[in-house]
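This report describes helix packing and a pocket in one protein model. Please keep the sequence and the structure in view while reading.

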Amino acid sequence: MKKKVVLAVLIGSLIGFAISVFITIFISLSLGDGAYHAAHPKLIEICENEISAVILQAVCALLYGGAWGGASMIWQSESLSLMKKTVLHLVIVSVSALPIAYFMWWMPHSLWGVLGYFGIFFGIYLIIWLCLYFSIKRRIKRINEKISQNEA
């Protein structure tokens with residue numbers, strides 16, 4: 001089990017890093033000024049130079065992705081109810097998300113910025129969770145129908 005968790009964390013870290021690179025490319029393209037914006041200007045200012053900001057952002061993206069990857073192992077547990085799995089997973093990923101998002105300047109540093117970030121975060125989480133839930137429910141229904149057909 002430990003190997004699976006470590007592998008999930010490593011894969012999650014790489015995915016988190018890749019997503020962060022794509023996000024910076026998307027933001028740079030959407031700004032349309034022909035420049036690559038590797039990090040938020042406030043982060044660059046705090047780190048005193050761009051390369052330090054990019055390195056810190058990369059490390060945080062690895063940690064963020066690793067937290068998601070490790071937390072994904074919760075879904076493998078057969079002893080927890082779906083509600084407990086969901087709450088535990090949500091707590092782990094949201095607790096890891098807030099400090100990273102805050103210090104990377106992925107949200108405004110205000111009460112409304114934090115509340116807005118979590119509103120978007122929970123909204124996206126809920127949409128993904130519902131899509132997966134109904135997808136799995138549909139697959140279970142098909143499996144049960146095949147079992148019923150084979151018994152007849």
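## Packing of α4 and α5

The axes of α4 and α5 cross at roughly 145° and come within 11 Å. Axes are lines fitted to C-alpha atoms, for helices over the stretch in contact, with angles from 0 to 180 degrees between N-to-C directions. Helices are DSSP runs (H or I, at least four residues) numbered from the N terminus.

In the contact (heavy atoms within 4.5 Å), residues of α4 including His-89, Val-93 and Ala-97 meet residues of α5, among them Phe-118, Phe-121 and Trp-129.

The model is predicted: local features need pLDDT of at least 70, side-chain atom pairs count only at pLDDT 80 or more, and totals for chains, interfaces and linings use all residues. Residues are numbered from 1 along each chain as its sequence is written, and side-chain values use heavy atoms, without hydrogens and water.

## Packing of α3 and α4

α3 and α4 pack with their axes 9 Å apart, at an angle of about 175°. This makes α3 roughly antiparallel to α4 (an angle over 145 degrees). Among the residues in contact are Tyr-64 and Trp-68 of α3, and His-89 and Val-93 of α4.

## The largest pocket

The volume of the largest pocket is about 1500 Å³. A pocket is an open set of points on a 1 Å grid over the protein atoms alone, where a 1.4 Å probe fits, with protein on both sides within 12 Å along at least five of seven lines; lining residues have an atom within 4 Å of a point. Grid points are joined across faces, edges and corners, and the volume is the space filled by probe spheres set on them.

Of the 46 lining residues, Tyr-64, Trp-68, Phe-121, Ile-124 and Ile-128 are the closest to the centre of the pocket. α5 gives the most to the lining, with 15 residues.

Note on methods
Helices (H or I, at least four residues) and strands (E, at least two) are DSSP runs, numbered from the N terminus. Angles under 35 degrees count as roughly parallel, over 145 as roughly antiparallel, 65 to 115 as roughly perpendicular and the rest as oblique.
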